[in-house]
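Hello,

Here is the structure I promised to pass on. Please have a look, then read my notes below.

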Amino acid sequence: FLEKKISWKYENSEHEANLNLGVGNYQAEGFKNNNLISLWKASIFSSLSSRYKIWNAKYPDFTEDSWYRYSPVPIIPGLYLKTQLSTSYFVYENPNNQALFNISLGPEIVLGNFKRPFLDYTKFSLMPGMTLKDGSSPFKFDNKVDLKTIDISLDQQLYGPIVLSSAFKFNIDYESNNYGNTLSSKIGILYQRRAYNIGLFYQPYEKSGGIMINL
């Protein structure tokens, strides 16, 4: 795999672009049956994620040290519009190929400054998305079937550096057999500091959990 990421800011917006090229031999469950199949697969993926500032509160009068107690950057209450565009193309050893184009957008709300002991930070986002598809994968794991989804995430300070973090994805395609089903879910408790965070997480949909560490 080869991957290139770039990010930049322009006026009241932030952007991140990603390009990924890959080739590999995969052994996985077939889409049309439960048998394991082994095929070579080549892929190209690109995405552009953007965050546009609609409104920001004024900087409150905090000391410099308190700004960075729980976060590497100052947290300012605000309202944002998030967008994500992505395209991908997969070619398989057999005659199959799959092309995808996805667009997602929705609001993100940040409340509080993460400086006071209780409930002083809330981040909530809602991202409906739609995927256009051409072709199909011979594998079950990467054959895109959920073409209309909604992502919901919530981070909430409980006390001091302890944060409840959650993220869910649902199928909202009326024509899909998975309509209304949960596609992925994650709930975690984080101990968050300026330079790192550590926590426990559980994924109810996948029925798995673990420890996560970010530096």
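How do the residues of the lining of the second largest pocket divide into nonpolar, polar and charged? Five are nonpolar, three are polar and five are charged. Bear in mind that this is a predicted model.

More on that pocket. The second largest pocket holds about 270 Å³ of space. It is lined by 13 residues. Closest to its centre are Phe-141, Asp-142, Asn-143, Lys-144 and Val-145.

Next, the strands. Strand S2 covers residues 13-29 and strand S3 covers residues 36-56. They run antiparallel, joined by 17 bridges. S2 and S3 form a hairpin, with six residues between them. Ala-28 sits opposite Ile-37 in S3. S3 also pairs with strand S4, residues 78-92. That pair is antiparallel too, with 15 bridges. There, Phe-45 has Ser-88 in S4 as its bridge partner.

Then the cores. In soluble globular proteins, nonpolar side chains tend to be buried together. The largest nonpolar core here has 10 residues. These are Tyr-70, Ile-75, Tyr-80, Val-110, Phe-114, Tyr-121, Val-163, Leu-190, Phe-201 and Met-212.

Setting aside neighbours within four places in sequence, Tyr-121 is in contact with Ile-75, Val-110, Leu-111, Gly-112, Phe-114, Asp-155, Gln-156 and Gln-157.

Best wishes

Technical notes
Residues numbered from 1 in each chain as written. Predicted model: local features only at pLDDT ≥ 70, side-chain atom pairs only at ≥ 80, totals over all residues. Heavy atoms only, no water. Core = buried A, V, L, I, M, F, W, Y, C linked by side-chain atoms within 4.5 Å. Buried < 20%, exposed > 50% of the residue type's maximum accessible area, 1.4 Å probe, protein only. Contact = heavy atoms within 4.5 Å. 1 Å grid on protein atoms, 1.4 Å probe; cavity = no way out; pocket = protein on both sides within 12 Å on 5 of 7 lines; lining within 4 Å. Points joined across faces, edges and corners; volume = space filled by probe spheres on them. Nonpolar A, V, L, I, M, F, W, Y, C, P; charged D, E, K, R; others polar. Pairing = 2+ DSSP bridges. Helix = DSSP H or I, 4+ residues; strand = E, 2+ residues; numbered from the N terminus.
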